[in-house]
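Welcome! Here is a short tour of a protein structure, looking at how some of its side chains pair up.

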Amino acid sequence: MFAADVEHVFTVGWLFVGHSCELRAAGDYYTVDIGRDRVIVVRGRDNEIHAHHDVCAHRGSRIVSAPRGNTHSFVCPYHRWVYGLDGRLRAARQMGPCFSTEQYRLAPVAVREVAGLVFVCLAADPPPFEPFAEALAPQLRPHGLADARIAARERYRVAANWKTVVENSRECYHCGNHPEFLRSNFELGMYGDLRTDAGYDAVLAAARARWRAQGLAPEDVNFPDGAWYRIARVPLREGYLTETLDGHTVAPVMGTLTGTDTGSLRMVALPNLLVAHANCDYAMTTAITPVDVGTTDVEVTFLVHRDAALADTNALTAVWRSTSEQDWLLCERAYAGTASRGYRPGPLSPLVEGPLMRFHEWYVARLRAGVRGETNDPSSKLLL
């Protein structure tokens, strides 16, 4: 099942892999692991972002040793084949007079950038990216992530299956476990959560009117036609300008925002961008990487204005460090229980766990399509 998830869920669609502000200069690169594949994401001399498989075209060696850095070219450590930032082979020693470097290159990977977020797709024929970009760009671009900087990055290894981690992110039934998060956030507002509150509805309507006046285009985009993304701007509680413990901003207003009354722009891009929030003064992204059947790596990244001077990042990271670590403990406990002999699936609440049901539907549809479209082995039908 884990192999099927990687093959038919993670490698066929668009995956969030980082931020374009990390690739500011030509030669800046980082790598990302997706199952057995490693991808190099690099800023080329043409100022475009390129992505390549980290596989030498000679005898398959990995080329890059550091997970991020800056380089003039990629040199295979095995036999010293040299590749340009665009992936083209520039030089190969002792290959004889009939050898042509023009016939070889690093295998390309589809890559797209939208409003500062970078996505790749390993599929030979990637699905359309434009509907997502057109929905996200008007709402995220004012936050200026493309010209931001990384202020902090937290990495976690969670002893839980990746689906357990996604499930946890898709409902706020458990949000009572997050006192720091609930200082600034309402429990309501997640698509598929049917709880209503007249007070919250009034706050949301008033906030949307103010956001439209600022040109922030506050339109909810909720997994249209079963798609893999959601975008929604939600209000924060009274007295809170941003998601900090006291509600005070910790950095200058980002991008082209004209003030601090922006609420929090929430973004989800299945299967691996679980939580992304853009506030007036900072943004954060939470991305997952499945490691094995019972292990998931999580990276939480915090971005601020490029010129922001932060003497201490604790105020910036406090809410999401607490919330993240609370979540990982919950996930580990849930996974340990579901992996035991005593587990019997319990009922999901149609009132508060609707988002979880939507994820299940999306996951099964993706897995079914992958199995049916990419294998002729009849035994694979047993996966479903």
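## About the model

This is a predicted model, in which local features need pLDDT of at least 70 and side-chain atom pairs count only at pLDDT 80 or more, while totals for chains, interfaces and linings use all residues. Residues are numbered from 1 along each chain as its sequence is written, and side-chain values use heavy atoms, with hydrogens and water left out.

## Salt bridges

A salt bridge here is a side-chain nitrogen of Lys or Arg within 4 Å of a carboxyl oxygen of Asp or Glu. By that rule, the count is 19 salt bridges. One of them pairs lysine 163 with aspartate 5, at 2.8 Å from N to O. The two partners come from distant parts of the chain, 158 residues apart: lysine 163 sits in helix H3 (residues 162-169) and aspartate 5 in helix H1 (residues 2-10). Helices (H or I, at least four residues) and strands (E, at least two) are DSSP runs, numbered from the N terminus.

How accessible are these two side chains? Buried means under 20% relative accessible area, exposed means over 50%, and partly exposed is in between (1.4 Å probe, protein chains only). Lysine 163 is buried at 18%, and aspartate 5 is buried at 2%.

## Partly exposed pairs

Another salt bridge joins aspartate 86 and arginine 90, whose closest N and O atoms are 2.9 Å apart. Aspartate 86 is partly exposed, with 22% relative accessibility, and arginine 90 is partly exposed at 48%.

Glutamate 299 and arginine 153 also meet in a salt bridge, 3.5 Å from N to O. Glutamate 299 belongs to strand E17 (residues 295-305) and arginine 153 to strand E11 (residues 148-158), so this pair ties together parts that are 146 residues apart in sequence. Glutamate 299 is partly exposed at 27%, as is arginine 153 at 23%.

## Cysteines

How many disulfides does the whole structure hold? A search finds 1, taking a disulfide as a pair of cysteine sulfur atoms within 2.5 Å. Cysteine 172 is joined to cysteine 175, with 1.9 Å from S to S. The torsion about their S-S bond is about -110°, so the disulfide is left-handed. Cysteine 172 is buried at 6% relative accessible area, and cysteine 175 is buried at 5%.

Cysteine 280 is in no disulfide, and the nearest cysteine sulfur, from cysteine 21, is 18 Å away. Cysteine 280 is buried, at 0% relative accessibility.
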